[in-house]
Amino acid sequence: LNICFQDLKNPIQLFENWMKEAIKSEPNDPNALALATSNKNGEPSVRMILLKDFSENGFVFYTNLSSQKSQELENNPNASMCFYWKSLLRQIRITGSISLVSDEEADKYYKSRSYLSKIGAWAPKQSQELKSMNHLLEEVEKFKKDYPNEKNVPRPLHWSGWILLPSEIEFWLYGDNRI
């Protein structure tokens with residue numbers, strides 16, 4: 001059975017099936033997606049992020065809450081995600097409303113991250129001009145000294161997750177002559 005032609009009533013199940021195929025065929029980050037947001041003036045912005053979880057409740061990613069994307073989501077809680085898997089010639093677009101995950105969910109995911117990823121949540125001033133690479137590396141070293149116990153790095157208050165509750169999911173797959 002060719003998984004791409006499954007006629008499923010549940011789009012989340014179809015997404016899961018396509019993601020499983022992408023995990024097998026994509027050489028890097030099959031969970032990468034383009035996230036589109038817009039500012040209070042309606043000016044769009046798009047960037048690549050990584051999906052960390054999904055379920056019937058929505059699609060989850062984590063980020064710095066002072067980032068441009070988070071600030072835009074605070075002002076306009078509508079967003080769109082686009083997955084494209086070149087190896088499979090498939091794309092999924094998801095549009096919907098977005099909200100913060102619970103502190104419990106953010107804490108649980110944060111605890112699963114590697115030590116340096118936890119430190120990385122503290123060090124960068126996301127969406128702000130980087131003075132120099134050395135400055136960033138000095139910040140990383142400072143936070144490593146502040147939190148030397150690899151098992152006890154608290155989640156920064158400025159770091160959490162967003163969940164997009166879809167109102168629309170579009171599945172596209174390549175066919176000869178784009179049919």
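Student: What share of the contacts in the protein with a separation of 6 or more comes from residues 24 or more positions apart?

Tutor: Those residues account for 67% of such contacts, where contact means heavy atoms within 4.5 Å. Keep in mind that this is a predicted model, in which local features need pLDDT of at least 70, side-chain atom pairs count only at pLDDT 80 or more, and totals for chains, interfaces and linings use all residues. Residues are numbered from 1 along each chain as its sequence is written, and side-chain values use heavy atoms, with hydrogens and water left out.

Student: Why is Asn 17 called buried?

Tutor: Buried means under 20% relative accessible area, exposed over 50%, and partly exposed in between, with a 1.4 Å probe and protein chains only. Asn 17 has a relative accessible area of 9%, so Asn 17 is buried. Across the protein, 39% of the 179 residues count as buried.

Student: Where is Asn 17 placed?

Tutor: Asn 17 sits in helix α1, which covers residues 11–25. From Asn 17 to His 135 there are 118 residues in sequence and 43 Å in space, C-alpha to C-alpha.

Student: How many helices and strands are there in the protein?

Tutor: Five helices and seven strands. Both are DSSP runs numbered from the N terminus: helices are H or I with at least four residues, strands E with at least two. Along the sequence they follow α-β-β-β-β-α-β-β-α-α-α-β.

Student: What does the C-alpha trace span along its principal axes?

Tutor: About 55 × 40 × 30 Å.
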